[in-house]
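Student: Hi! I have a model open here and would like to talk through it. Can we start with what you mean by a touch?

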Amino acid sequence: MPSLTSLVGAATAGYGAALVAVPTILLRPCGLAETPDTRLLTRSLGVRDVVLGLALVAAPAGRARRLATGARVVADAGDAAAFGAGLAGRGARAPLVALAAASWGAVTLLADVLDERAGR
């Protein structure tokens, strides 16, 4: 069975690829207009998530996986802070975007902790 961390990594990479292909997946919940600039920004977040997700899939247990997990958690915390501040006042869905970003980081961290405890 694959590690929980690698499963979360695969989901992260899949979501990142979806953002690259269809930026409106993130733009609509954020209440942002679809423009060349917002599509570029969203696609860059998607590329980052693909890379971090694949790192989580490929990293062996131990230091490498902890580093990949840390990178993912820090990226998601940054996203949560940026979305929370930058989307303030854009409607009821905006706080959910920040919460979703924070949740990805929390799930990634939890998966890594559970894997380490299980010796995976």
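Tutor: Happy to! A contact, or touch, means heavy atoms within 4.5 Å. This is a predicted model, where local features need pLDDT of at least 70, side-chain atom pairs count only at pLDDT 80 or more, and totals for chains, interfaces and linings use all residues. Residues are numbered from 1 along each chain as its sequence is written, and side-chain values use heavy atoms, with hydrogens and water left out.

Student: Thanks! So what does phenylalanine 83 touch?

Tutor: Leaving aside residues up to four places away in sequence, Phe83 contacts Leu26, Cys30, Leu45, Ala88, Val97, Ala98 and Ala101.

Student: Which residues make up the largest nonpolar core?

Tutor: There are eleven: Leu19, Leu26, Cys30, Leu45, Ala80, Phe83, Leu87, Ala94, Val97, Ala98 and Ala101. Such a core is a set of buried Ala, Val, Leu, Ile, Met, Phe, Trp, Tyr and Cys residues joined through side-chain atoms within 4.5 Å. Buried means under 20% relative accessible area, exposed over 50%, partly exposed in between (1.4 Å probe, protein chains only).

Student: And which element gives the most to this core?

Tutor: That's α5, with four residues. Helices are DSSP runs (H or I, at least four residues), numbered from the N terminus.

Student: New topic: is threonine 69 buried or exposed?

Tutor: Buried, because its relative accessible area is 2%. Thr69 sits in helix α4 and touches Thr5, Leu56, Thr108, Leu109 and Asp112, again not counting residues up to four places away in sequence.

Student: What covers the buried residues of α4?

Tutor: The cover includes α1 (4-21), α2 (24-30), α3 (36-58) and α5 (94-118).

Technical notes: Helices (H or I, at least four residues) and strands (E, at least two) are DSSP runs, numbered from the N terminus.
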